[in-house]
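Here is a short note to read alongside the model. Please keep the structure open and find each residue as it comes up.

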Amino acid sequence: MTEHAHTGGMLLPILIFLGSAVIAVPLFRFLRLGAVIGYLIAGLAIGPAGFGLIGESQTIANVAELGVVLLLFIIGLELEPAKLLAMRKDILGLGSLQMAVTAVVLAAGLWLLAGIAPRGAILAGIALAFSSTAIAMQLLEERGAVESVYGRRSFAVLLMQDVLVAPVLAIIPLVAGEASGTFREGLLAFGGALAAFAAVIFAGRYMLNPFFAILARVGAREVMAAAALLVVLGAAVLMQAAGLSMALGAFLAGLLLSESNFRHQLEADIEPFRGLLMGLFFMSVGMAIDGRLVMNNAGFLIAAALAVVAAKGVVAFLLMRMSGSRACDSLSGASTLTTAGEFAFVVFPVAMAAGLLTAQQAGLLAAITAMTMIAGPLCAKGLDVLASRIKPDGEAMPAEEIPGEARGNILVIGFGRFGQLAVQVLLAGRTNVTVIDHDVARIRSAARFGFKVYYGDGRRLDVLRAAGADAARVIAICVDRAEDVTAILDMCKVNFPLARVHVRAFDRVHALELLEKRADYQVRETFESAIVFGGSVYVAVTGDRARAREIEAYVRERDIERLASQQAGAAYAELAPWQKIEPEPLTQPARRAKALSPETAGIVGEAERPL
């Protein structure tokens with residue numbers, strides 16, 4: 001009886017969370033307000049300030065924080081060190097200025113308008129200057145703007161904020177006047193942070209690739225997923241132990257693995273956990289709002305939250321505009337940085353313990369932080385509409401601003417003997433190609449010859465999405481088993497209808513099957529080589545290379561017509577008797593013979609006979 005009660009006690013909160021999310025998120029998406037607001041309102045409704053269905057929000061918030069950690073890991077996977085280096089001016093320049101100017105403006109407002117003591121106002125202003133990484137990145141993902149110019153600049157600001165977490169925590173004793181032993185403690189903390197950075201970089205550079213290669217050979221998918229979580233959480237905990245941000249540790253781990261052959265597989269394994277925990281995080285923020293405190297100070301809190309959102313937005317807009325961004329881009333980028341960040345919930349209790357804030361002030365500031373997380377996304381929707389209206393008409397987006405899903409690229413699945421030759425043609429043409437394969441030995445062999453092949457099972461939909469199938473213009477299926485080709489084709493046609501799918505067929509029967517499944521292009525693996533081989537034999541006998549090329553082209557055309565005839569015949573045979581109408585002949589030998597030279601027409605005349 002006790003066991004059943006305990007199980008019910010565990011399942012009930014899960015059911016409440018899932019039920020509220022299923023109701024709220026589609027509703028707010030239908031209203032075009034976004035999933036973030038839906039999660040926040042759902043959390044507010046089931047928390048103490050709403051119906052009181054769940055009362056323990058802190059434990060849930062601690063678990064939900066993992067969603068932010070996993071989000072930063074995936075961002076690191078997608079960024080790559082070269083891109084991060086290209087962003088250094090925005091990270092150091094724009095990111096530092098945004099934090100400094102915003103902190104000064106907010107601190108002055110808290111001191112002059114809210115009556116908070118100067119030292120407490122300074123620390124509170126710094127805490128509120130941080131933006132919510134989770135909300136900002138979710139807004140960018142919903143807009144499809146993560147890879148846009150303003151999206152990258154916004155992310156640079158968020159990354160700089162994560163770097164500043166440890167220094168802000170370190171200056172709290174200095175602001176509180178507790179200077180004894182501060183220099184020594186600060187020096188030790190700095191040394192610990194450097195050691196943690198060095199450990200993560202060493203592990204990512206020299207240990208993780210061999211580690212995942214061993215697991216890939218075993219072939220256990222659940223072990224790969226567990227290993228991915230182990231790497232992310234291990235880096236996050238190590239950074240937290242060194243006094244840095246957990247999110248920063250996860251980002252660094254992802255960045256180090258961004259050039260790994262296992263990048264797409266790791267992203268696919270992490271993605272389901274990330275989405276679920278991110279939703280849980282947003283709901284926990286809504287649950288954390290103190291309803292009684294909000295009701296008793298509703299006017300002040302609403303005005304203060306809107307003032308914080310407005311101040312942060314104006315500062316971010318002006319700084320982006322002054323640093324070269326267009327007005328529409330500056331407005332869109334600023335709209336993602338208006339909310340206060342999760343870090344504020346950490347700073348306010350520490351500041352209260354240090355005597356810089358009273359308990360009431362800390363509670364009000366925490367409520368303001370939570371309310372900005374609701375008001376910010378709402379304001380972002382309005383600002384995004386305004387930004388789209390002030391964008392110059394007819395202005396073409398520069399190449400680097402076009403979102404990733406709008407760029408044309410090619411996804412090649414399989415790097416065996418067939419795929420290797422196909423990829424050589426694509427690389428010689430300087431096309432944008434992503435190649436995945438699940439054979440570790442083959443990937444290592446490709447690396448020795450300068451090919452970049454990512455580890456991933458092309459039969460998994462999540463791996464294909466992680467490898468960019470949603471954005472691909474062409475998906476080329478070059479795997480080594482006929483049944484896998486067919487299965488992947490079915491999956492691509494259902495989930496990626498905008499992409500052309502080119503497939504490798506193994507024989508004539510397989511080719512007909514692939515055509516029935518609406519493959520955009522198919523070629524039998526031995527067909528072209530056999531035609532070229534036959535043409536070379538003809539040249540060796542006759543010495544007439546031009547006629548050999550003409551014959552080869554004719555045989556190709558004839559084969560296509562035969563396939564079409566067989567495909568039409570199969571479809572015709574499936575009709576009911578009263579539905580059958582005799583089709584017109586697919587081939588016209590006389591007309592086609594006239595298009596050939598007299599000598600060639602004589603040679604290929606026998607080919608008109610059906611097989």
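What percentage of the 611 residues in the protein do buried residues make up? Buried residues make up 47% of them. Buried means under 20% relative accessible area, exposed means over 50%, and partly exposed lies in between (1.4 Å probe, protein chains only).

1. **Ground rules.** This is a predicted model: local features need pLDDT of at least 70, side-chain atom pairs count only at pLDDT 80 or more, and totals for chains, interfaces and linings use all residues. Residues are numbered from 1 along each chain as its sequence is written, and side-chain values use heavy atoms, with hydrogens and water left out.

2. **Overall make-up.** The protein has 28 helices and six strands. Helices (H or I, at least four residues) and strands (E, at least two) are DSSP runs, numbered from the N terminus. Take the contacts in the protein with a separation of 6 or more: 73% of them come from residues 24 or more positions apart. Contact means heavy atoms within 4.5 Å.

3. **The nonpolar cores.** A nonpolar core is a set of buried Ala, Val, Leu, Ile, Met, Phe, Trp, Tyr and Cys residues joined through side-chain atoms within 4.5 Å. The largest one has 106 residues. Phe212, Phe282, Phe348 and Leu365 touch the most other members. A second, separate core has 29 residues, among them Tyr454 and Ile477.

4. **Phe212 and Leu257.** Setting aside residues up to four places away in sequence, Phe212 touches Met224, Ala227, Ala228, Val231, Leu257, Phe262 and Leu266. Leu257 belongs to helix H13 (residues 246-257). Its relative accessibility is 1%, so Leu257 counts as buried. Beyond its neighbours within four places, Leu257 has contacts that include Phe73, Leu77 and Leu208. Leu257 and Phe73 are 184 residues apart along the chain, yet their C-alpha atoms are separated by 9.4 Å.

5. **H18 against H19.** Helix H18 (residues 343-353) packs with helix H19 (residues 359-390) at an angle of about 175°, and their axes are 9 Å apart. Axes are lines fitted to C-alpha atoms, for helices over the stretch in contact, and angles run from 0 to 180 degrees between N-to-C directions. H18 and H19 are therefore roughly antiparallel. Angles over 145 degrees count as roughly antiparallel, under 35 as roughly parallel, 65 to 115 as roughly perpendicular and the rest as oblique.

6. **Who meets whom.** From H18 come Ala344, Phe345, Phe348 and Met352. Their partners in H19 include Ala359, Leu365, Thr369 and Met373. The contact holds ten nonpolar residues, one polar and no charged. Here Ala, Val, Leu, Ile, Met, Phe, Trp, Tyr, Cys and Pro count as nonpolar, Asp, Glu, Lys and Arg as charged, and the others, Gly among them, as polar.

7. Eight of the nine residues of H17 are buried, including Cys328, Asp329 and Leu331. What covers these buried residues includes helices H7 (133-143), H8 (149-163), H16 (298-322) and H19. Thr336 lies in the loop between H17 (327-335) and H18. Thr336 counts as buried because its relative accessibility is 1%. Its side chain reaches the backbone oxygen of Gly333 at 2.7 Å.

8. **Check Arg518.** Arg518 sits in the loop between helix H24 (508-516) and strand S6 (521-524). Its phi is near 70°, a positive value in a residue other than glycine. Most residues other than glycine have a negative phi. At 54% relative accessibility, Arg518 counts as exposed.

Terms used:
Polar contact = N/O pair within 3.5 Å; in protein donor to acceptor, adjacent residues only side chain to side chain.
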